[in-house]
Amino acid sequence: MPKPVLYTVRLSPPCRAVELTAKALGLELERKLVNLLAGENLTPEFLKLNPKHTIPVLDDNGTIISESHAIMIYLVRKYGQGEGKDALYPTDIVEQARVNEALHFESGVLFARLRFITELAIFGRKPEIPEDRIEYVRKAYRLLEDSLQTDYVAGSRMTIADLSCISSVASMVGFIPMERSEFPRVHGWMERLKQLPYYEEINGAGATELAEFIVNMLAKNAKL
C-alpha cells in the first residue's frame, strides 16, 4: 500500500503538528512541499484536493482530508494500534473531551494569535509588532500556563493536543519571548516535548525558521 501523502510547508505550525503525529505513530509519510508564496496552493490541481486552498492536506490512498486537527485524529484512529499509540487520541469519552478542548484552544487562541502577528508582517507590511498584539500573545501564554495542571495539556500523558499546541507556541516564542520565571509550567512542558527524539527535526527547526522569516520580514518592511 502506498504511503499517505502530506501536502505540507516546513514553516507552518499546523503542518508540523501533523508531521509530529506521524512520527509519534511511527508512520512514514510522503511529503510534498507546497510553495505558498508562489501560489502553488491556488493551482487547479491543488484546488481539486482542497477548495479552501489551505495546508496541510492529506491524501491517504484517495481519502482526502484537510485541517490539521482532523488529519491528526484520522491518523491516530487509522494507524495508532498497539504500543499505547492510541493514547494520543483516547477513546475514553472524558479523556477525549479534554483533548478536544485543548485542540480548540490551540486553533482558537494560540494559532489565531500567532496569525495576528505573521499576517501583519507578511501582508500588512508592518515594520514592527504593535504592543497590543504582543500583549495579546502574552495573554495566550498566561492562559496556557494557568491551564497546565498536569505534565501535559490534556492530562498525564502526551496527546495530539500537545503536538498541536507546541507547534504554535514554539513558533511564537521565537519573536515574543516567554520568561521562565513568569511561565514555569509552560517551560517545563516545552522541555518535556523537546525530549522527543524527532522533535528538533520536525518542529524545532521549522519554528526557528518561521521566527527568523518574520523577523526578516519586519526588517524588510521597515525599509519600505
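Modeller: A salt bridge is counted here when a side-chain nitrogen of Lys or Arg is within 4 Å of a carboxyl oxygen of Asp or Glu. Please keep in mind that this is a predicted model. Glutamate 19 and arginine 31 form such a salt bridge, with their closest N and O atoms 2.8 Å apart. Glutamate 19 belongs to helix H1 and arginine 31 to strand E2, so the pair ties together parts that are 12 residues apart in sequence.

Biologist: Is glutamate 19 buried or exposed, and where does arginine 31 stand on that scale?

Modeller: The cut-off matters for this step: buried means under 20% relative accessible area, exposed means over 50%, and partly exposed is in between. Glutamate 19, with a relative accessible area of 9%, is therefore buried, whereas arginine 31, at 40%, is partly exposed.

Biologist: How many salt bridges does a search of the whole structure find, and which residue pairs with lysine 3?

Modeller: Side chains of opposite charge can pair when their charged atoms come close. The search of the whole structure gives 12 salt bridges. In one of them, lysine 3 pairs with glutamate 28, the closest N and O atoms being 3.1 Å apart. This pair links distant parts of the chain, since lysine 3 is in the segment before strand E1 (5-8) and glutamate 28 is in the loop between H1 and strand E2 (30-33), 25 residues apart. Lysine 3 is partly exposed at 38% relative accessibility, and glutamate 28 is exposed at 54%.

Biologist: Which residues are linked with Arg138 in a network of salt bridges?

Modeller: The network of salt bridges links Arg138, Glu179 and Glu182. Within it, the side chains of arginine 138 and glutamate 182 meet at 2.7 Å, N to O. Arginine 138 lies in helix H5, while glutamate 182 lies in the loop between H6 and helix H7 (184-194), so the pair ties together parts that are 44 residues apart in sequence. Arginine 138 counts as buried because its relative accessibility is 19%, and glutamate 182 is partly exposed, with a relative accessible area of 34%.

Biologist: H6 has now been mentioned, so how many of its residues are buried?

Modeller: Helix H6 (residues 160-172) is mostly covered, with 13 of its 13 residues buried. From its first C-alpha to its last, H6 reaches 19 Å, close to the 18 Å expected at 1.5 Å a residue.

Biologist: Into which domains is the protein chain divided, and what area do domain 1 and domain 2 bury between them?

Modeller: The size of an interface is often given as the accessible area lost when the parts come together. The protein chain is divided into domain 1 (5-83) and domain 2 (87-222), and between them these domains bury about 2000 Å², 72% of it on carbon and sulfur atoms. Arg16, Leu20 and His69 supply 30% of the area that domain 1 buries against domain 2, more than any other three residues. In terms of contacts, 18 residues of domain 1 touch 28 residues of domain 2.

Biologist: What is the count of salt bridges between domain 1 and domain 2, and which helix gives the most to the side of domain 1 that touches domain 2?

Modeller: The count between domain 1 and domain 2 is 1 salt bridge, alongside 9 residue pairs in polar contact. Helix H1 (13-25) and helix H3 (68-79) each supply at least two residues of the side of domain 1 that touches domain 2, and H1 gives the most, with 10 residues.

How values were computed
Residues numbered from 1 in each chain as written. Predicted model: local features only at pLDDT ≥ 70, side-chain atom pairs only at ≥ 80, totals over all residues. Heavy atoms only, no water. Helix = DSSP H or I, 4+ residues; strand = E, 2+ residues; numbered from the N terminus. Expected span 1.5 Å × (residues − 1). Buried < 20%, exposed > 50% of the residue type's maximum accessible area, 1.4 Å probe, protein only. Domains from an automatic or database assignment. Contact = heavy atoms within 4.5 Å. Buried area = accessible area lost by both parts, 1.4 Å probe. Polar contact = N/O pair within 3.5 Å; in protein donor to acceptor, adjacent residues only side chain to side chain.
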